[in-house]
Amino acid sequence: MEGLPPSECGMKTITKVLPGLLLVAYTALVPATSAASVITRTDGNDTPGALDLGKVRIAHMSRTTDSILVQTISPFTNRDIDGKQGYFVLNFSMDGGSHVQWVGYVFFTEGKLRCVLVNSRGRVAATLRVARAGGRGVIVRAPHEEIGGRSYRVVTFSVWRGPPCTRRCVDSLPNRGSLLHDIVAPTVTPLKFPEWEDLSEFGDAGGGMVTFPVSFSVADDKYGSGIGRWKLQREVGSSWETVATGHAASPTVQATGEQGKTHRFRVVVADRQKNQAISEVRLMSLAVDDNSSSISYDASWTHASDAAWYLSTKSLGAQGGQLSFVFEGDSLGFCLGPTSGPIAQADYLLTPTATGHSSEAGTISASGSTPNGYCTGVNMTDMDTWTLTLNVTSSEPLPIDGFFVLHNH
Ligand SMILES: [Ca+2]
Ligand SMILES: [Ca+2]
Ligand SMILES: [Ca+2]
């Protein structure tokens, strides 16, 4: 008997170890994020003068920079936006629209189009790159780091001090409220599976399949657009299949897996502006139940129902009783439970299929103080298809609840 090694791959970290047995692990992949939203708002012919606003479009130029297009209904000249007769204003709010943290002024002076970003104290904080976008627009390049690096709200204005306006005409877009641009992907907490000892959490789905709950939480940034949808996914072959989708912030989802297999799960979540994050991958190993058709028992065994055991089944082997179990892997966990009091023991022999691999032999035991869900493991030197032969040697019957089959190499 020895502890199972924690290495299925270099990035794996043990999260749960029972005596001699690794149960659940995860790969600590860096969550991936992506962004795709484009915010467009149009406005009618509602303001006199040369700078009646018609459209604003906010989009990602790259992962770190946005483009903000401000377009009028009619063409305007550079002279129309000389900063005295006319100019554009962009109000940026980083706190959901409660306050304006930065104001961008767009105007043409000394032969150049400029966008000056002024902070709430009236000081110039930065200059942003800006260019003409045809005869009716300007396009401002807004690096996220210059505007706070958070989801923001923006309101655009045009100011015109020429005919037919006697003093000045101001148009705003939108006319009410502000435009949200969410630039921050949601977050996902690590997936939680039931502990192996929580045996009642596992359900028999028939056909060698087991149901169990998966829990996690998703959250969007404070002033973001909110959670749009999450997908819980399980890897099947080389692709990810969606197990469940939803909107709830802290869901518990019933997932299904195959006895004797280690399954890989992840969550993909997007906010309402399609910023997407993919969680780290977490692994869930499911035991083979003692009731599985893959285990052969001789007539010395009795099989009973008991809600306190894995999938509500247990098998008791009388002295001299034998079972055999063929599996592929390089670690085996024997899951036992309490006896009527005295110690029960069995000898086991693990026989490899491949020539050149060594067999393994040993003894397992359980007693009245053995808790339900107790597992003890053995590591083999090689990955192989193994045949387990187990012989009960004690007069006290040996209680078997199931087996863990793991791949650690
Ligand atoms: Ca307008
Ligand atoms: Ca967000
Ligand atoms: Ca069982």
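1. In the hairpin formed by E8 and E9, where 2 residues sit between the strands, Glu110 adopts a positive phi near 50 degrees. Strands here, labelled E and at least two residues long, are DSSP runs numbered from the N terminus, as are helices, labelled H or I and at least four residues long. The model is a predicted one, in which local features need pLDDT of at least 70 and side-chain atom pairs count only at pLDDT 80 or more, while totals for chains, interfaces and linings use all residues. Residues are numbered from 1 along each chain as its sequence is written, and chains are lettered from A and ligands numbered from 1 in the order in which they are written.

2. Strand E8 (residues 102-109) pairs with strand E7 (residues 86-93) in the antiparallel sense over 5 bridges, and with strand E9 (residues 112-119), again antiparallel, over 8 bridges; pairing requires that DSSP find at least two bridges between the strands. Tyr105 of E8 is the bridge partner of Val89, and Tyr105 also stands opposite Val116 in E9.

3. The protein chain as a whole contains 0 helices and 33 strands. Its radius of gyration, taken over C-alpha atoms, is 33 Å, well over the 22 Å that the globule rule (2.2 Å times the number of residues to the power 0.38) gives for 409 residues, so the chain is more spread out than a compact globule. Along its principal axes the C-alpha trace spans about 105 × 40 × 35 Å.

4. The chain is divided into domain 1 (38-181), domain 2 (186-286) and domain 3 (289-406), with bounds that come from an automatic or database domain assignment. Between the C-alpha centres of domain 1 and domain 3 there are 72 Å.

5. Which residues touch the most other members of the largest nonpolar core? They are Cys335, Phe403 and Phe404, in a core of 55 residues, where a nonpolar core is a set of buried Ala, Val, Leu, Ile, Met, Phe, Trp, Tyr and Cys residues joined through C-beta atoms within 7 Å, and buried means that 20 or more other C-beta atoms, placed from the backbone, lie within 10 Å of a residue's own. Strand E32 (residues 374-392) supplies the largest share of this core, 7 residues. Because domain 2 and domain 3 both give residues to this core, it lies between them. Another core, apart from this one, has 32 residues, including Leu51, Val70, Ala142 and Val155.

Definitions and conventions
A residue is buried if 20 or more other C-beta atoms lie within 10 Å of its own, exposed if 12 or fewer, and partly exposed in between; C-beta atoms are placed from the backbone.
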